[in-house]
Amino acid sequence: MRISPINQRRLDNFTRNRRGVWSLWIFLALFLIALFAEVIANDKPLLVRYDGAFYTPVFIAYPETSFGGEFLTEADYRDEFVIKLIDAKGWMVWPLIRFSFDTINYDLKAPAPSAPSLDNWLGTDDQGRDVVARLIYGFRISVLFGLTLTIVSAALGVSIGAFQGFYGGLIDLLGQRFIEVWAGMPMLYLLIIMASVITPNFWWLLGLMLLFSWMGFVGVVRAEFLKARNLDFVLAAKALGVADLKIIYKHVLPNAVVATITFMPFTLAGSITTLTGLDFLGFGLPAGSASLGELLNQGKANLHAPWLGLSGFFVIAIMLSLLVFIGEAVRDAFDPRKTYR
Amino acid sequence: MSKFLEISGLHASFGEGDTEVKAVRNASLGIDKGETHALVGESGSGKSVTALSIMQLLPYPLAHHSGGSIKFQGQELMGAPARTMRDIRGNRIAMIFQEPLTSLNPLHSIEKQISEVLGLHKTLNPTQTRERVMELLSVVGLEEATTRLNALPHEFSGGQQQRVMIAMALANDPDLLIADEPTTALDVTIQAQVLKLLKDLQAEFQMAMLLITHDLGIVRHMADTVSVMSDGEIVEQGDMKVVFETPKHAYTQHLLGAEPKGHPDPAKKNASEVAATGDVKVWFPIRKGVIRRTVGHIKAVDGITLAVRQGHTLGVVGESGSGKSTLGRALIRLEKSTGEVTFEGRSIQALNKNDMRPLRRQMQIVFQDPFGSLSPRLSVRQIVEEGLLVHDIGGDFDERRKIVADVLDEVGLEASMMNRYPHEFSGGQRQRIAIARALVLKPKFIVLDEPTSALDMSVQAQIVDLLRDLQKNHDLAYLFISHDLKVIRAMSHDILVMRQGRVVEQGSADSIFDNPQDPYTKALMAAAFDLKADDTGVVNV
C-alpha cells in the first residue's frame, strides 16, 4: 500500500512529538494488559492439573466435585480445603495477582481497609477487595466505555453535522435550534432521575451519555461542510451528475476527517472523566463493579487509608495525561501549518 | 557613478540543508532616480522575494541571504540594524502590495491608517496631519474621500482601496516605490486608471520605482528598464524597448511569444444550437428584518438571451461582479434561474435531478481555480473516472483505466500520471486534469469559467491552444467566460459583453473587436489593449 505524501507528512509530524509517541506506546501497553485482566488478576487459577487431566477454571466453571469435593457449586480455589484436594493429585498455575475485582480477601491481618502488604500490593478497600485488581479492571472498563462512547458519538455527530452543513438553509437552521434546546437539558439530573427508574449498567450509561455527547462533533463538521459545499470540486461533481450522498461521502467528508480526528482524543478523555464522576456520585455503574470513581469515593470516606485515594488519583491522572498528550500529538500531525526545524 | 538603488549578487534562500529552497540566486539590478524598473517573471520566479529583500522583510531567520549587497543611496541595507531599517521603511522606501483589501487593516479608518505612517516618521500636530492626509488623498485622485475620512476600507471599491494604499505609500515622499503586482487584483478599466496614476505621480515626485508584474502589457506601458526573472535568476536585463524588440535569452523569447494570440478556427456557419437561454434571470433576494422579508434583489443575471452553436465559442466578457459566472452556472443548471434554458432545443428548466442526470453527460464545466476544483484527496484517476462511474460508462476497471489514459493523453498529460495526487502537479497541469474530467464524458457543451485566469501567461497560451484543438476535434460548443479580452479574442467566434447582469453588446467577435459600438465596450477595449484609462466617465467607480 502506498502512503500518500500528505499522510506521510502527518506520520512524520506525529513521530516528531516525542512525548506524544511515548504516551501512545505506554497507553497501548497499559490498555493491552488491561484487556487481558482476567489472566492477570483473578481468583481462579489459569491452569489446574488434577488426576491426570487439565482444567482451565478461568474459562470454564467446574463444580467442586470434579476435584473430589462435596458441593455441586463452582469450586472456590482460594478455599484451603479445595487447595488441599488439588495439591494432593496435581498442581495449579495462578495468575500474577490472586484476586479478581470482586474477590473479598477473608485472610486480612488488619480490618479492612487494610494497608498495602505482600498479598495486597496496594492494600484493600473497605470491603476487603484488592485495590490493584480493582484498578486494572476499572481502567479497562473506563477506557472501553470512553472509546465506545467516542466512536459512536463521532459517527452520530459527524453524520448530523454533515447533513446540516451540506444542505444548509432550513435543515441547518432547524438542526442548530434543536441542538441549542437539547444542549440546555441538564444531563446530570436526567441521569439521576433515570437511575431511580432503572438500574444503570454499562449499556444504559452509554446510551444516556450518547444522547448528549454527539453534539460536540456537529459544530466542527458542520463548519467544514458549509465551507466545502460551494468549493469548485463539489460543483464539478454536481455538474458530473454525482448523487448528493456520494458527494458528501467521497468529496466533502475527507475534509472534515481532520477536524474530527483532532477532536476525538479530547472527547475520549472527557467521556472517561464523566463516567468517573458519575461513579463517584454513586449514579454510575452498578454497585460492586470495578470503577475508578467508586474507588475515589472510598478514598474520600476513608481518609485514614490514603492508599485508596492516592492509587485512584494516580491511575486517573496518568490515564488522562497520556490521552491528552496523544491528543496533542495528533493535533500537531494534522496541523498543516506546523513546521519543525 | 553608482545607481540610486543598487542590488548586486543577491542570494536569498529559505530553510537549511536538504530542504533549502534557493528563491533568488545572484540577482543584480540598479535603478536610477526617476526611473521605472520592471521585474518580470512567472509565479515563483523570485520577484517578490527580491523586493522583500530590499525592505529586509523576509521571515528571518527561516529566510537568509548567503551573499550579495543592497545599496540604497550608497547605504548598505543588507544586515542593517533593525532601527535603521525601521527608519527607511515607509519613509524613504515605500511599498504597495497586490491585494488592497488584505493590505489595509479592516478595523481602522483610512485616516487613521494614513496618519499612522505619518506619525511614525514625522512630528506633525493633529491639524497638520489631517491637512496632509487630505492632500495625499487628493493627490491619488480620491477627492471625494476627503469627506469620508472615517470610512473603513470595506466601504471603498477595489480601485479606491488601492489608491488609499498608494496614498499611504506616498505619505512621507519616498525616494523609492516598490509596487508588487499593484493592479493584478483589479479589473482592467480600474487597472488602467491606477497605472496612469502611478505614472503621473512618479513623474511629479521624481521617484525611482521598482514595478513587479507578470503582465508584459504593463511592462511595455510603464517601464524604462526591465529585468526578466526565471527560477530565481535574472536571465536578461536592459532597456525595455531593446529587450522586448530583440530578446536574447531563450526564456525571454518564450515569454514574449507566449501571449495568447491568434483567432479561433472558423466554424460552420449553419451549425445547430446546442445551448440557449431566453431572457434568463438569476435574482438573489436581499432579506431584512426579523422575519427575513425580501426587500429587494441582487440582479446577478438580469434577462439575458443567448445561443451557443455546435463547434462555436461564445465569449462572455465582463468585469468582476458582472454576473458572468452566474450566467454560466445557470446555463447548466448549477444555479437556480427563471426564464427559458434549453439544451439541444429541449427545455431543461423544469427537469428534476434524475431527469437531469443523463443530460449532465452532455454539458460540463471547467472552473477558474485549478487548485480548488480538484478534490485534494483523490488521485487523478479517481477524479477523471468519477463521471464514468456515475454514467455507467466503460464496464470494468481496466476498460475505465484505458479511457482515462486516453483522455489524459488527449489533454497532453502522460497516462502514467494517473495515480498521482493533484498537489503534485503545477497549475497548468491541474487545469488539464480538470479539462480531462470534463472531456471524459464526451460532452457536446462545456462552460469554461475563467479557465486561464489563475495561470501564468505562457501556460495560458498552451491551455488556449489545447482548448482550440479539442473544439476542432470534437466539434464542441464552448461558453467561454473571461475578464481577459486577449484570451477572449483568441478563443471566441461570438461575444457577449456583460455589465451588472445585463448585456451591453452582443455580436460576432470580429464586429465587436473591430468596431465596438457601446462606450463601455470601447473603454474596456482601450483599457485592455492599450492600458488607456477611460476619461469619458463610463467606467467611473
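Predicted model: local features only at pLDDT ≥ 70, side-chain atom pairs only at ≥ 80, totals over all residues.
User: Which residues of α7(B) and α19(B) meet?

Analyst: From α7(B) come Val188(B), Thr189(B), Gln191(B) and Ala192(B). They meet Ala523(B), Leu524(B), Ala527(B) and Ala528(B) of α19(B). This contact of α7(B) with α19(B) holds six nonpolar residues, two polar and no charged.

User: What makes helix α1 of chain B largely enclosed?

Analyst: A residue is buried if 20 or more other C-beta atoms lie within 10 Å of its own. Seven of the nine residues of α1(B), residues 47-55, are buried, so the rest of the structure largely encloses this helix.

User: Which residues of α1(B) are buried, and what follows the helix?

Analyst: The buried ones are Lys47(B), Ser48(B), Val49(B), Thr50(B), Ala51(B), Ser53(B) and Ile54(B). Gln56(B) follows α1(B), and its phi is positive, near 55 degrees.

User: How do you know that β14 and β15 of chain B pair?

Analyst: Pairing takes at least two bridges between the strands. Two bridges join β14(B), residues 338-343, to β15(B), so the pair meets that cut-off. The two strands run antiparallel. In β15(B), Arg346(B) is the bridge partner of Phe343(B).

User: What makes β12 and β15 of chain B edge strands?

Analyst: The open sheet has four strands in the order β12-β11-β14-β15 (chain B), with antiparallel pairing. Both β12(B), residues 293-309, and β15(B), residues 346-347, pair on one side only.

User: How many residues does each chain give to the contact between A and B, and which elements of chain B supply at least two?

Analyst: Chain B gives 20 residues and chain A gives 14 residues. On the chain B side, α12 (353-360), β16 (363-366) and α13 (380-390) each supply at least two. The largest share, three residues, comes from α13(B).

User: What is the make-up of the side of chain B that touches chain A?

Analyst: That side divides into seven nonpolar, six polar and seven charged residues.

How values were computed
Residues numbered from 1 in each chain as written. Chains lettered and ligands numbered in written order. Buried ≥ 20, exposed ≤ 12 C-beta atoms within 10 Å, placed from the backbone. Contact = placed C-beta atoms within 7 Å. Nonpolar A, V, L, I, M, F, W, Y, C, P; charged D, E, K, R; others polar.
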